[in-house]
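Please read these notes with the model open beside them. They go point by point.

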Amino acid sequence: MAYHWAPLAEGQTPRIYAPGQLIYLQGTEADVFYYLLSGKARSYISSASGGERVLATHHSGDLMGEASFFDACPRVSSAVAVTECRVVSVDRDRLDRIFRAHPSLALPMLQYLARTVRMLSSHVDNMSFLQADRRVARCLLTFQEETDGALHCTHEELGAAVGVSRVTVSRVLSEFARRGFLETGYRSMRILDRGALIDFASQRED
């Protein structure tokens, strides 16, 4: 389900981020979260050794950095603009005013936050030890569907998120399509049997 966060941008002047420009940094104070009005951004975790792991690719209409904002802890990830991005930041006072004016946004915000927490959990809950097909399945289940039910991501983006090659992602998605879990298209896919995909992702390794 896609959410529409237009009230978050009312009366605000978006900040423009150039491709490659950092939007927020891991370990810093999360005093705001971000609403991506247009463009594409990527969130990632950096290790002490300098390695990086992609968490998600964000598109127009997504929120970013909301998990750390709500738990008032330092940011667990960084985000960088992939293309030129128009972004609005939301602090606590502004969010309080928005919720008072638009109380119907509260439940969708909680649902969105729960999806983000599930996505983050999938990256730390022994995900690196799962077989590639189950890693891909779990990652797909964290993606937000567009209003038409499609998931818009490339094989490269999905591979970066789960730590496998594009070729492996293509092989796994072809198998999922053969099983009837999903159908694939150009730079998008659609989950056809979410229950079966959940069951597959939840199976224990042999």
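1. T13 sits in the loop between α1 (6-9) and β1. Helices (H or I, at least four residues) and strands (E, at least two) are DSSP runs, numbered from the N terminus. T13 is exposed, with a relative accessible area of 74%. The classes are buried, under 20% relative accessible area, exposed, over 50%, and partly exposed in between (1.4 Å probe, protein chains only). T13 and S89 are 76 residues apart along the chain, with their C-alpha atoms separated by 9.6 Å.

2. On provenance: this is a predicted model, where local features need pLDDT of at least 70 and side-chain atom pairs count only at pLDDT 80 or more, while totals for chains, interfaces and linings use all residues. Residues are numbered from 1 along each chain as its sequence is written, and side-chain values use heavy atoms, leaving out hydrogens and water.

3. Next, the open sheet. Four strands take the order β1-β8-β3-β6, with antiparallel pairing. Strands pair if DSSP finds at least two bridges between them. β1 and β6 are the edge strands, each pairing on one side only. β1 (residues 15-17) and β8 (residues 85-91) are joined by three bridges. I16 has R86 as its bridge partner in β8. Six bridges link β3 (residues 32-38) with β8. Here L36 stands opposite V87.

4. A hairpin lies elsewhere. β10 (residues 182-185) and β11 run antiparallel and share four bridges. G185 faces S188 of β11 as its opposite residue. Two residues lie between the strands of this hairpin, and R187 takes a positive phi near 60°.

5. Which residues touch the most other members of the largest nonpolar core? They are V136, L140, L158, L173, F176 and L197, out of 24 residues. A nonpolar core is a set of buried Ala, Val, Leu, Ile, Met, Phe, Trp, Tyr and Cys residues joined through side-chain atoms within 4.5 Å. Two or more residues come from each of α5 (132-142), α6 (155-162), α7 (166-179), β11 (188-191) and α8 (194-202). α5 gives the most, with six residues.

6. F176 deserves a look. Leaving aside neighbours within four places in sequence, F176 is in contact (heavy atoms within 4.5 Å) with D133, V136, A137, L140, F181, L182, L197 and F200. A second, separate core has 14 residues, including L8, A9, Y35 and Y112.

7. α6 has E157, L158, G159, A161 and V162 as its buried residues. G163 follows α6 and has a positive phi, near 80°.

8. Finally, the largest pocket. About 550 Å³ of space lies in it. A pocket here is an open set of points on a 1 Å grid over the protein atoms alone, where a 1.4 Å probe fits, with protein on both sides within 12 Å along at least five of seven lines; lining residues have an atom within 4 Å of a point. The volume is the space filled by probe spheres set on the points, which are joined across faces, edges and corners. Of the 38 lining residues, T57, H58, D62, Y112 and R115 are the closest to the centre. α4 gives the most to this lining, with five residues. By class, the lining has 18 nonpolar, 14 polar and six charged residues. Ala, Val, Leu, Ile, Met, Phe, Trp, Tyr, Cys and Pro count as nonpolar, Asp, Glu, Lys and Arg as charged, and the others, Gly among them, as polar.
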